[in-house]
Amino acid sequence: MPMRMRRGACVAVVALGAYAASAQDTGDPRAGRAKAALCAACHGMDGVSINPLWPSLAGQQRVYLANQIRAFRDGERVEVTMQPFVANLTDQDVEDLAAFYAELSPCP
């Protein structure tokens with residue numbers, strides 16, 4: 001393959017990777033706040049849990065939160081108390097929730 005074609009292919013791959021990464025980063029914190037009402041019962045209204053058995057979500061990394069929610073939803077991570085709450089979440093719901101909790105101040 002000529003050098004120009006290889007360079008063009010590399011540029012296309014990098015651009016496609018950047019597009020895929022930005023497509024994943026489309027969570028809306030305001031929508032996430034509205035969707036977090038059920039989460040608040042255990043994780044707190046502000047994402048800070050008062051029970052040591054339930055983790056605080058405020059200030060966690062967006063990607064981490066989204067991955068964990070998907071893992072619960074998809075059965076890769078099993079927790080019977082979480083399953084009913086995440087079973088019907090769409091990918092957009094997951095991104096919105098993750099964006100909401102990620103922008104909150106972490107617990108002191």
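This is a predicted model: local features need pLDDT of at least 70, side-chain atom pairs count only at pLDDT 80 or more; totals for chains, interfaces and linings use all residues.
A nonpolar core is a set of buried Ala, Val, Leu, Ile, Met, Phe, Trp, Tyr and Cys residues joined through side-chain atoms within 4.5 Å.

**View 1. The largest nonpolar core.** The largest nonpolar core holds 16 residues, and those that touch the most other members are Ile69, Val86, Leu89, Leu97 and Tyr101. Two or more residues of this core are given by helix H4 (62-73) and also by helix H6 (91-103), and the largest share, five residues, comes from H6. In soluble globular proteins, nonpolar side chains tend to be buried together.

**View 2. Leu97 and its contacts.** Leu97 is one of the core residues that touch the most other members, and this view turns to its partners. When neighbours within four places in sequence are left aside, Leu97 is in contact with Gly32, Lys35, Ala36 and Cys39, and also with Ile69 and Leu89. Ile69 and Leu89 are themselves among the core members that touch the most others.

**View 3. The whole chain and its confidence.** The protein chain has six helices and zero strands, which, read along the sequence, gives the pattern α-α-α-α-α-α. Of the 108 residues in the chain, 29% are buried. Among the contacts with a separation of 6 or more, 68% are between residues 24 or more positions apart. The mean pLDDT of the chain is 85, and 77% of its residues reach 70 or more.

**View 4. The largest pocket.** About 670 Å³ of space lies in the largest pocket, and 28 residues line this pocket, with His43, Pro55, Leu57, Phe72 and Met82 lying nearest its centre. Two or more lining residues are given by each of helix H3 (40-43), H4, helix H5 (83-86) and H6, and the largest share of the lining, five residues, comes from H4. Sorted by class, the lining has 19 nonpolar, five polar and four charged residues.

**View 5. Thr26 in a loop.** Thr26 has its place in the loop between helix H1 (3-24) and helix H2 (29-35). Is Thr26 buried, exposed or partly exposed? Thr26 counts as partly exposed because its relative accessibility is 38%, a value that lies between the cut-offs of 20% for buried and 50% for exposed. Not counting residues up to four places away in sequence, Thr26 touches Gln92, Glu95 and Asp96. Although Thr26 and Glu95 are 69 residues apart along the chain, their C-alpha atoms are separated by 6.6 Å.

**View 6. Gly44 in a loop.** Gly44 has its place in the loop between H3 and H4. Because its relative accessible area is 13%, Gly44 is buried, the cut-off for this word being under 20%. The C-alpha atoms of Gly44 and Leu57 are separated by 8.7 Å, and the two residues are 13 residues apart along the chain. Leu57 is also one of the lining residues that lie nearest the centre of the largest pocket.

**View 7. Pro84 in helix H5.** Pro84 lies in helix H5, and with a relative accessible area of 57% Pro84 is exposed. Between the C-alpha atoms of Pro84 and Phe72, which are twelve residues apart along the chain, the separation is 9.8 Å. Phe72 is among the lining residues nearest the centre of the largest pocket.

**View 8. Tyr64 in helix H4.** Tyr64 has its place in helix H4, the helix that gives the largest share of the lining of the largest pocket. At 42% relative accessibility, Tyr64 counts as partly exposed. From C-alpha to C-alpha, Tyr64 and Ala98 are 8.2 Å apart in space, while in sequence they are 34 residues apart.

Note on methods
Residues are numbered from 1 along each chain as its sequence is written. Side-chain values use heavy atoms; hydrogens and water are left out. Buried means under 20% relative accessible area, exposed over 50%, partly exposed in between (1.4 Å probe, protein chains only). Helices (H or I, at least four residues) and strands (E, at least two) are DSSP runs, numbered from the N terminus. Contact means heavy atoms within 4.5 Å. pLDDT is the predictor's confidence in each residue, from 0 to 100. On a 1 Å grid over the protein atoms alone, a cavity is a set of points where a 1.4 Å probe fits but cannot get out, and a pocket is an open set with protein on both sides within 12 Å along at least five of seven lines; lining residues have an atom within 4 Å of a point. Grid points are joined across faces, edges and corners, and a volume is the space filled by probe spheres set on the points. Ala, Val, Leu, Ile, Met, Phe, Trp, Tyr, Cys and Pro count as nonpolar, Asp, Glu, Lys and Arg as charged, and the others, Gly among them, as polar.
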